[in-house]
Amino acid sequence: RPSVLLRSLDGAPLLAVDVFGVDPPAAQRTERCNEFTEAGVAEYWQIVQKPRRARFFQCSAQGRLEEIPQDRAGMHYTMLAEEFAFPAEWVHEWPGLFFMLHAWGLVDGEGE
């Protein structure tokens, strides 16, 4: 089971997130991707605490989860929502919800 699993209203798995204390061996990472590919997950994230690392995978046109690199500014663009992007570093910093909503332009003003 992943650390986090997000499903759509019809129950289809959209996002699975694994949080690892240490970086797992490549074979384990590949095995997890294969499991989530078979489950039909649209997007899969592997978050590693030590060393601080994040890997992002999205379902390709061929139906396989493929690793998606961050852009040059360190941003990750998720396919789960239109125009939804965030600095990949956030997976380690976990900024407040208001900060994230403000960064996406969903709320105005300054939160407490």
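A residue is called buried when its relative accessible area is under 20%, exposed when the area is over 50%, and partly exposed in between (1.4 Å probe, protein chains only). By that rule, both Arg 32 and Asp 18 are buried.

Before going further, a word on the model: it is predicted, so local features need pLDDT of at least 70 and side-chain atom pairs count only at pLDDT 80 or more, while totals for chains, interfaces and linings use all residues. Residues are numbered from 1 along each chain as its sequence is written, and side-chain values use heavy atoms, with hydrogens and water left out.

The structure holds five salt bridges, each being a side-chain nitrogen of Lys or Arg within 4 Å of a carboxyl oxygen of Asp or Glu. Among them are these:

| Pair | N to O distance |
|---|---|
| Arg 32 and Asp 18 | 2.8 Å |
| Arg 53 and Asp 23 | 2.3 Å |
| Arg 55 and Asp 23 | 3.0 Å |

Let's start with Arg 32 and Asp 18, whose side chains meet in a salt bridge. Helices (H or I, at least four residues) and strands (E, at least two) are DSSP runs, numbered from the N terminus.

Now to Asp 23, which forms a salt bridge with Arg 55. Asp 23 lies in the loop between E2 and H1 and Arg 55 in strand E4, so the pair ties together parts 32 residues apart in sequence. Arg 55 is buried, at 10% relative accessible area, whereas Asp 23 is partly exposed at 24%. Arg 53 is also partly exposed, with 34% relative accessibility. Asp 23, Arg 29, Arg 53 and Arg 55 are linked in a network of salt bridges.
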